[in-house]
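Here are some notes to read alongside the model. Have it open on your screen and follow the points in order.

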Amino acid sequence: MESASQGLLSDTMTDVPVDNTASARTSAPEGLTEAEEEELRSELAKVEEEIGTLRQVLAAKERHCGELKRKLGLTTFDELKQNLSKSWHDVQGSNAYKKTQETLSQAGQKTSAALSNVGSVISRKLGDMRNSTTFKSFEDRVGTIKSRVVGSRENSTDPHSPTGSGDKPPQDNARF
């Protein structure tokens, strides 16, 4: 199997050779006999061989998975969308998200109520100001000035006047 699967990995992985002869030349660690050291080296070689085999099998499985996805028409973009959707669903289910959403909702309600109150206060104050004697006196003066300006336009026979050829504009008696 190793020679057949060796070709499968040639495009994606590189093998790192293990030089057992060089390792054998070093002295044995303290407390190990030569037989124990040889047994450990043999076990190490077997484990490394298994790791290589597993890498080859994994690479073959990944290629097979890619082929199946291609045949099913699944693209990387579809997988990304699915992963994002699942992640967003997981976020929405988290306690932190729920607490944040609740806090922001309460803050929005309180802000809305506060702005409504500010609007009511401003409206009431403007109404109070309009009913004050100072404002009424000012409004009367502006009305008097307006009637003088409009009256002088009505008496004008200037063809370039905004009223045209002497037509009287409709009177605007509305108070400010």
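1. A word on exposure before anything else: buried means under 20% relative accessible area, exposed means over 50%, and partly exposed is in between (1.4 Å probe, protein chains only). By that scale R41 is partly exposed, with a relative accessible area of 25%. You are looking at a predicted model, where local features need pLDDT of at least 70, side-chain atom pairs count only at pLDDT 80 or more, and totals for chains, interfaces and linings use all residues. Residues are numbered from 1 along each chain as its sequence is written, and side-chain values use heavy atoms, with hydrogens and water left out.

2. How many salt bridges does a search of the whole structure find? It finds three. The term stands for a side-chain nitrogen of Lys or Arg within 4 Å of a carboxyl oxygen of Asp or Glu.

3. Start with R41, which pairs with E37; their closest N and O atoms are 2.9 Å apart. The two residues sit four apart in helix α3 (residues 34-72), so about one helical turn separates them. Helices here are DSSP runs (H or I, at least four residues), numbered from the N terminus. E37 is buried, at a relative accessible area of 10%, while R41 is partly exposed.

4. Next, find E79 and K69, whose side chains meet in a salt bridge at 3.0 Å, N to O. Because E79 lies in helix α4 (residues 76-93) and K69 in helix α3, this pair ties together parts that are 10 residues apart in sequence. E79 is partly exposed, with a relative accessible area of 27%; K69 also counts as partly exposed, at 26%.

5. What about K86 and D90? Their side chains form a salt bridge too, at 3.2 Å from N to O. They are four residues apart in helix α4, so the separation is about one helical turn. K86 counts as exposed at 53% relative accessibility, whereas D90 is partly exposed at 43%.

6. V118, I122, L126 and M129 make a nonpolar patch of about 370 Å². Patches take residues with over 30% relative accessible area and no salt bridge, joining like charges within 9 Å and nonpolar side chains (Val, Leu, Ile, Met, Phe, Trp, Tyr) within 5 Å. The areas come from the Shrake-Rupley method with a 1.4 Å probe; for residues, only the protein chains shown count as cover. I122 belongs to helix α5 (residues 95-130) and is partly exposed, with a relative accessible area of 48%.
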